[in-house]
Amino acid sequence: MTLIRYALCASLLMGGAHWAKGEEPESDSLYDQLNQVTDQMAGVQERLAIAESDIAKLKKVKITGYVQARYEYHDDAIGSPALGTTSSDKKNQGQLLNRFFIRRTRLKAAFQASPNAAGAVSFDGSASGVSLKDAYVSVTEPWSQLTFTLGQFNWLFGYEISFSSSKREFPERARWARTLFPGERDRGVKVETSFLVEDRYTLGLQAGLYNGNGVDDKSFNSNDPNKSKDVIARATCGLGFLDFGVSGYWGKQFNPSDQSIPAQQPSTTDKIRYGVDAQYFYELPRLGGGVLKGELVAGKEPKNAKGFLSGDTTRNVLGLDIVWAQNLRERFQWISRLDFYDPDRDTEQDQTTTYGLGLIYFWDGNSKLKLIYEIPKTAGKNEVKDNTITLEWVYTI
C-alpha cells in the first residue's frame, strides 16, 4: 500500500513537472486514472479485510486425526476353520484372525470460539463402522479458571484411558482398561482446573458426573435407565521428570428385573474403583530419552457384568500394567509391557498376564511403524498358545 501511494505521488509530481515545462496538462486524464486506481485500491482493501476475517475464523478451527493400519498374526488362528466357525462371534474375537485391517481412523475438529469457550467433535471409522467418539462444549470461568465440559468425552479415570491411541506405545490399552472402561468414553459433565506451584510444579483437579453405561453399552445404548449417576474424581501432580495421579470411581450398575422379580423392584450393584499411576521421564547419553510408566487399579465390580442379574453381588478386581519405552537414538524406540488383570481375586486361576515387547521406527514426524510381539498367559487349565504379532503403521495429521 505504501509503495503504491509513493508511486501515485511520483506520477503526480512528474505530471506537474511536464506542466511546468509548458506542456499541455492532461489533468482530466490524470485525475481519472488516479480515481480509478483509488477505487481499485479500495476494492483490494475490502477483499483483504474479508480474507483476514476468514483466516482469523479458520485459525479457530483445528483438524487432527490419525490412521492405524494393521496386520495381525494369531498363533491360535485355524488354517481351515470348520464350517460354521466364524469370527463374528465375540468369543472368537482375536481368534481365527490373521488379517490386514484398519483398527482406527480418527478425525477430530475442534473450534475455539473465544479464549473461554470451545467445542469439539470426532468420529472413528473402522471395520465395525463409523461411530461418534467425542462431542462436547467447554467453557472456562475467567475468575476461577474452572473449565466445565458437557457432552461425550473420555472417562477421567487414570492415565491410559485418555491417552491417545496415536501416541500410545502399544496398539491396544491394557486389559484392565479395555475391560472396565470399554470405549473409554461416556456422556456426562466434568469440571477441572490446574495450578502452577512455585512456577515449577503443576497440580490438576478433575471431577465428573457420568451416565455410567459407556458409549459401547449394547443393552441401553445412549439411554440411562436409572436416576443414579457415576462419579469420578482425579488429582494429578507434574514435577517435570515425574508425573503421578490418583483416581476414584463410585457408581452403580443398574440390574433390570428378571422374570422372577417384579419390574417395579430393579436392583443396583456397586461399581467402585481406585487407581494410582505414575510416569517417570529420563535421558540416557547417546541413546536419548525414555519413560517408565505404571498404573494400578483395584475395585469392586458386579459379579455378572453382562447379565444384569437382580440382587447381584460383587467381586474384587485387580489390574496392573507397566510400560518401559526407550529411544534408540533418533529413529528407533524399544518398548516392553507387563499387563496383568485378575477379574476376581477370590477365584483361582482366572488371572491373565500378557508380556509384550516391540520396536518402533519413526518414519518421519507424522508416521511410525510398529512391530509388536505379545504373549498372553492365563493361569490354570485355560492356557493356550495364543501369542500375537502385530505390524502397525500409524499416520497422524
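Buried means under 20% relative accessible area, exposed means over 50%, and partly exposed lies in between. Keep these cut-offs at hand. The model is predicted.

**Exercise 1. Classify R234: is it buried or exposed? Then describe its surroundings.**

Step 1. R234 sits in strand β8, which covers residues 230-238.

Step 2. Apply the cut-off. R234 has a relative accessibility of 9%, so it counts as buried.

Step 3. Look for a side-chain partner. The side chains of R234 and S247 are joined by a polar contact of 2.9 Å.

Step 4. List the neighbours beyond four places in sequence. R234 touches L156, G158, Y159, G204, L205, Q206, G245, V246, S247 and D277.

**Exercise 2. Classify I102 by its accessible area, and find which surface patch it belongs to.**

Step 1. I102 belongs to strand β2.

Step 2. Apply the cut-off. I102 has a relative accessible area of 35%, so it is partly exposed.

Step 3. Find the patch. I102 is part of a nonpolar surface patch, along with V61, I63, V67, L107, F111, W363, W393, Y395 and I397. Together these residues have about 900 Å² of accessible area.

Step 4. β1 (61-74), β2 (99-114) and β16 (388-396) each give two or more residues to it.

**Exercise 3. Identify which residues touch the most other members of the largest nonpolar core.**

Step 1. Pick out the residues. They are W155, F157, W176, F181 and I232, in a core of 16 residues.

Step 2. Ask which element contributes most. Helix α3 (residues 175-180) gives the largest share, three residues.

Step 3. Check the contacts of F157. Beyond four places in sequence, its partners include W176, F181 and I232. F157 also contacts S247, G248, Y249, R273, Y274, G275 and V297.

**Exercise 4. Summarise the whole chain: how many helices and strands does it have, and what percentage of its residues is buried?**

Step 1. Count the elements. The chain has three helices and 16 strands.

Step 2. Of 397 residues, 34% count as buried.

Step 3. Sort the contacts by sequence separation. Take those with a separation of 6 or more: residues 24 or more positions apart account for 55% of them.

Conventions: Residues numbered from 1 in each chain as written. Predicted model: local features only at pLDDT ≥ 70, side-chain atom pairs only at ≥ 80, totals over all residues. Heavy atoms only, no water. Patch = residues over 30% accessible without salt bridge, like charges linked within 9 Å, V, L, I, M, F, W, Y side chains within 5 Å. Areas by Shrake-Rupley, 256 points an atom, 1.4 Å probe, with all protein chains shown as cover. Salt bridge = Lys/Arg side-chain N within 4 Å of Asp/Glu carboxyl O. Helix = DSSP H or I, 4+ residues; strand = E, 2+ residues; numbered from the N terminus. Buried < 20%, exposed > 50% of the residue type's maximum accessible area, 1.4 Å probe, protein only. Contact = heavy atoms within 4.5 Å. Polar contact = N/O pair within 3.5 Å; in protein donor to acceptor, adjacent residues only side chain to side chain. Core = buried A, V, L, I, M, F, W, Y, C linked by side-chain atoms within 4.5 Å.
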